[in-house]
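Please go through this structure with me.

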Amino acid sequence: MVMTREEFQKAVLEGIPDELPEPKPYDRNINHAPKRKDMLSKKEKRLALKNALRYFDKKHHPVLAGEFAKELEEYGRIYMHRFRPDYEITARTIDDFPHKSRHAAAIMLMLSNNLDRAVAQHPHELITYGGNGAVFQNWAQYRLTMKYLAEMTDEQTLVLYSGHPVGLFPSHREAPRVVVTNGMVIPNYSGKEEYEKFNALGVSQYGQMTAGSFMYIGPQGIVHGTTITVLNAGRRTLKPGETDLSGKVYVTSGLGGMSGAQPKATVIAGGICVAAEVNPKASHKRYQQGWVDEIYEELSQLIYRLKEAVENREAVSLAYQGNVVDLWERLVDEGIHVEMGSDQTSLHNPYGGGYYPAGLSIEEADRMMAEEPEKFKEKVHESLRRQVNAINKMVERGMFFWDYGNAFLLESSRAGADILREDGSFKYPSYVESIMGPLFFDYGFGPFRWVCTSNDPKDLEISDRIAAEVMENIAEDAPGEIKGQMEDNIHWIKEAGKNDLVVGSQARILYTDSEGRIRIARAFNNAIRDGKISAPIVLGRDHHDVSGTDSPYRETANIYDGSKYTADMAVHNVLGDAFRGATWVSLHNGGGVGWGEVINGGFGMVLDGTEEADRRLEMMLHWDVNNGIARRSWARNEGAISAIKREMERTPALQVTLPSIADDDLINDSI
């Protein structure tokens with residue numbers, strides 16, 4: 001339904017309507033979340049229903065009780081589809097949103113972008129990516145939150161518990177406008193079964209990394225990190241005399257959410273990507289958006305095209321519309337040489353739609369996971385064992401394989417696949433252990449991002465140019481150990497506008513360190529103040545960064561002092577960001593490797609051209625990066641020790657405890 005600005009603003013301010021809107025038809029033209037398994041007792045279903053009805057006046061309970069009970073039966077969740085708004089949910093421009101606080105309007109823009117049909121994986125179920133990464137649990141929460149944000153002042157703070165808007169609380173200008181938590185259950189109740197139960201009850205949700213933080217910017221959010229991962233992985237496969245990735249093949253899977261970045265990133269890196277995807281809606285969406293070049297339903301046609309691409313040394317992305325296990329096994333049988341391999345299915349959620357086993361149609365898999373969950377689990381395990389067997393054969397032929405932080409190694413080991421060495425360690429490294437950790441995170445480089453709230457491509461173009469100039473100035477005096485990273489990142493930002501990366505909001509991502517982030521942000525704020533950029537810019541990052549996340553299987557996988565299972569860094573990250581000037585902060589249980597396997601901390605910051613923003617950005621961005629470098633330094637990571645020493649020289653007020661390195665021979669002789 002097309003609305004004027006005034007009609008849209010009135011609809012937002014309505015919140016939960018006093019009179020019931022008409023029921024919404026089920027739209028089969030968009031991607032929907034699979035039915036969740038029936039796992040609540042009759043008593044618990046009554047509780048879920050009571051929990052849902054507390055958002056509504058009692059006069060509506062007779063109608064809604066039966067309706068919500070039916071949703072729980074049909075979907076395994078209560079989404080409150082009747083209350084989906086009639087207006088299109090999209091980023092718009094900052095002044096389209098009704099507001100008393102411009103910072104709150106920027107937050108409304110960001111969360112709306114997370115639910116844009118062009119961005120979100122399952123928009124009607126409020127899921128942005130990863131199969132279960134939700135912005136809210138239901139549409140009542142969305143409506144209430146938008147109303148609160150529209151009405152709040154700069155002296156109030158909105159509190160969100162796993163999508164539930166607790167309310168507006170008196171606060172002050174220096175405090176965050178919004179504080180978000182997702183999935184923060186007691187540790188002993190943080191298993192996958194407990195998650196399904198709590199989510200079905202409507203009391204907790206999986207916010208992923210950036211979905212529940214309102215910081216998702218579509219597949220671009222990972223494409224830069226994917227590009228530098230593929231570049232550095234590909235460099236390991238180069239033969240003498242080779243200088244680039246032309247003709248090199250990268251095989252992977254997943255095109256639904258963040259995984260959709262892989263084909264685009266490989267092409268930018270100069271290689272050939274073959275990505276399998278079982279969901280035709282997902283693959284065709286990426287094709288229409290220009291993130292994948294060609295789609296094939298027949299493996300014989302795909303293999304012929306792949307051979308042609310290798311011979312011609314093309315930079316091209318090929319999607320296989322089918323199961324990745326079938327792809328891997330066919331590549332083995334055909335004797336196709338593959339230089340690089342990985343997987344980016346949503347294996348943090350293996351039995352709830354994150355991984356579709358070979359031999360089943362999507363429809364049969366969806367039915368089985370809801371009605372025969374134990375049988376479905378067996379099928380997943382069987383499929384993972386087959387996939388690993390094929391990968392092992394390709395590795396024996398010279399392929400470099402890495403875990404992409406989606407719990408592939410972890411879930412494959414739980415399935416009994418041949419993925420472990422004799423000492424119990426994984427055969428293959430995670431990409432953090434082999435690439436991102438030692439080359440980027442230890443030096444403070446991470447996925448800094450910004451969104452132009454004008455939604456004007458011209459503002460984004462200006463911001464790209466500003467960022468490139470800042471990076472080039474920094475690179476002139478950069479030490480040799482980070483020269484390569486600087487050059488890759490400068491090349492990225494100078495080429496970003498040519499690669500058609502924008503999906504939804506006018507956003508950009510750029511890997512840079514503390515100095516780079518602060519200087520770029522300062523330049524943006526000056527440009528806004530001087531009118532060169534027409535509206536505020538929102539700063540943020542993926543939680544997949546040097547400081548934001550503690551996870552033994554991903555972000556802190558290259559921490560070897562025994563502390564990779566602790567989460568002090570992520571929690572302190574959020575606390576420090578909150579009192580140093582963040583506009584909103586978030587703390588999550590969950591993320592790319594699964595519920596109970598990771599703690600994420602995130603932020604958003606609005607630059608509005610004011611001196612107050614100048615002060616905030618200096619304090620907060622410095623802490624947001626160096627908190628993590630200090631932790632990595634204490635773990636004895638050489639790059640981090642070097643980086644934090646350099647930062648202490650640049651910032652005299654910074655004093656960090658440095659490790660004393662014990663002699664290995666002395667240790668061995670002592671034990």
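A: Start with the residue classes: Ala, Val, Leu, Ile, Met, Phe, Trp, Tyr, Cys and Pro count as nonpolar, Asp, Glu, Lys and Arg as charged, and the others, Gly among them, as polar. The model is predicted, so local features need pLDDT of at least 70 and side-chain atom pairs count only at pLDDT 80 or more, while totals for chains, interfaces and linings use all residues. Residues are numbered from 1 along each chain as its sequence is written, and side-chain values use heavy atoms, with hydrogens and water left out.

Q: How many cavities of 30 Å³ or more does a search of the whole structure find?
A: Rolling a probe the size of a water molecule over the atoms shows where empty space is left. On a 1 Å grid over the protein atoms alone, a cavity is a set of points where a 1.4 Å probe fits but cannot get out; a pocket is an open set with protein on both sides within 12 Å along at least five of seven lines; lining residues have an atom within 4 Å of a point. Grid points are joined across faces, edges and corners, and a volume is the space filled by probe spheres set on the points. Here the search finds 3 cavities of 30 Å³ or more.

Q: Which residues line the largest cavity?
A: The largest cavity holds about 40 Å³ of space. Its lining is made up of His 103, Gly 581, Thr 583, Met 605, Val 606, Asp 608, Thr 610, Glu 612, Ala 613 and Arg 616. Helices (H or I, at least four residues) and strands (E, at least two) are DSSP runs, numbered from the N terminus. The largest share, 3 residues, comes from α20. By class, the lining of the largest cavity has 3 nonpolar, 4 polar and 3 charged residues.

Q: Which element gives the most to the lining of the second largest cavity?
A: That is α7, with 4 residues. The second largest cavity also has about 40 Å³ of space, and among its lining residues are Ile 222, Thr 226, Tyr 404 and His 544. Two or more residues come from each of α7 (220-235) and α15 (431-439). The lining has 5 nonpolar and 4 polar residues, and no charged ones.

Q: What volume does the second largest pocket have?
A: Its volume is about 440 Å³. It is lined by 32 residues, of which Gln 137, Asn 138, Gln 141, Asn 199 and Gly 202 are the closest to its centre. At least two lining residues come from each of α2 (42-53), α5 (139-151) and α6 (192-201), and α6 gives the most, with 5. The classes are 16 nonpolar, 11 polar and 5 charged.

Q: At what angle do α2 and α3 pack?
A: Two packed helices are described by the angle between their axes and the distance between the axes. Axes are lines fitted to C-alpha atoms, for helices over the stretch in contact, and angles run from 0 to 180 degrees between N-to-C directions. The angle between α2 and α3 (residues 61-75) is about 130°, with the axes 10 Å apart. Angles under 35 degrees count as roughly parallel, over 145 as roughly antiparallel, 65 to 115 as roughly perpendicular and the rest as oblique. The two helices α2 and α3 are therefore oblique to each other. Contact (heavy atoms within 4.5 Å) involves residues including Leu 49 of α2 and Phe 68 of α3. The contact residues of α2 with α3 are 9 nonpolar, 1 polar and 1 charged.

Q: Are α11 and α13 roughly parallel or roughly antiparallel?
A: Their axes come within 9 Å and cross at roughly 30°, and α11 and α13 are therefore roughly parallel. Among the residues in contact are Trp 328 of α11 and Arg 386 of α13. This contact has 8 nonpolar, 2 polar and 4 charged residues.
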